[in-house]
Amino acid sequence: GGRKDVIFNVVCKRCWPGPRQCEPCRGAVRFLPRATGLTNTTVTVVDLLAHTNYTFEIEAKNGVTLRSPSLLTKQ
């Protein structure tokens, strides 16, 4: 803990019953202030559809993450 260079990204998926039945939310869902590059730990999600299942993944990245060998080989 205590790092000052942490940013957060929110990944949204709309899901249906069954294995691997999810797709990215795309423009259907909005995030306030935004979904990527967040420095605060709070985000508001709006424009969700009724009777729809959503999955949200939170990524936390810092200066060490950006130097990770696994990320360097994927670029």
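This report walks through the sheet, the disulfides, the core and a few single residues of the structure above.

## The model and its confidence

What you have here is a predicted model. The protein averages a pLDDT of 85, and 84% of the residues score at least 70.

Let's start with the strands. Three of them make an open sheet, in the order S2-S1-S5, with antiparallel pairing. Strands S2 (22-24) and S5 (53-61) are the edge strands; each has a single partner, so one side of each is left without a neighbour in the sheet. On average, neighbouring strands of this sheet are turned by 35° against each other, with direction ignored.

Strands S1 and S5 are joined by nine bridges in the antiparallel sense. To find this pairing on your screen, look for isoleucine 7, whose bridge partner in S5 is lysine 61.

## Two disulfides

The structure contains two disulfides. Cysteine 12 and cysteine 25 make one of them, with 1.9 Å between their sulfur atoms. This pair links distant parts of the chain, as cysteine 12 lies in strand S1 and cysteine 25 in the loop between S2 and S3, 13 residues apart. The torsion about their S-S bond is about -60°, so this disulfide is left-handed. Cysteine 12 is buried at 9% relative accessible area, and cysteine 25 is buried too, at 5%.

Cysteine 15 is bonded to cysteine 22, with an S to S distance of 2.1 Å. Here the torsion about the S-S bond is about 110°, so the disulfide is right-handed. Cysteine 15 is buried, with a relative accessibility of 10%, whereas cysteine 22 is partly exposed at 42%. If you number the bonded cysteines in sequence order, the pairing reads 1-4, 2-3.

## The nonpolar core

The largest nonpolar core brings together nine residues: Phe8, Val10, Cys12, Cys25, Val29, Phe31, Ala35, Leu38 and Tyr54. Strand S1 (residues 7-15) gives the most to this core, with three residues. The cysteines of the left-handed disulfide, Cys12 and Cys25, are both among the core members.

Alanine 35 is another core member. Leaving aside neighbours within four places in sequence, alanine 35 contacts Phe8, Asn9 and Val10.

## Two residues worth a look

Arginine 14 sits in strand S1. Is this arginine buried or exposed? Arginine 14 is buried, because its relative accessible area is 18% and the cut-off for buried is under 20%. Beyond its neighbours within four places in sequence, arginine 14 is in contact with Gln21, Cys22, Glu23, Cys25, Leu49, Thr52, Asn53 and Tyr54. These contacts include a cysteine from each disulfide: Cys22 and Cys25.

Threonine 36 is found in the loop between strand S3 (30-32) and S4. With 48% relative accessibility, threonine 36 counts as partly exposed. Not counting residues up to four places away in sequence, threonine 36 touches Phe8 and Asn9, and both of these are also contacts of alanine 35. Threonine 36 and isoleucine 58 are 22 residues apart in sequence, and their C-alpha atoms are 9.8 Å apart in space.

Definitions and conventions:
Residues are numbered from 1 along each chain as its sequence is written. This is a predicted model: local features need pLDDT of at least 70, side-chain atom pairs count only at pLDDT 80 or more; totals for chains, interfaces and linings use all residues. Side-chain values use heavy atoms; hydrogens and water are left out. A nonpolar core is a set of buried Ala, Val, Leu, Ile, Met, Phe, Trp, Tyr and Cys residues joined through side-chain atoms within 4.5 Å. Buried means under 20% relative accessible area, exposed over 50%, partly exposed in between (1.4 Å probe, protein chains only). Helices (H or I, at least four residues) and strands (E, at least two) are DSSP runs, numbered from the N terminus. Contact means heavy atoms within 4.5 Å. pLDDT is the predictor's confidence in each residue, from 0 to 100. Two strands pair if DSSP finds at least two bridges between them. Axes are lines fitted to C-alpha atoms, for helices over the stretch in contact, and angles run from 0 to 180 degrees between N-to-C directions. A disulfide is a pair of cysteine sulfur atoms within 2.5 Å.
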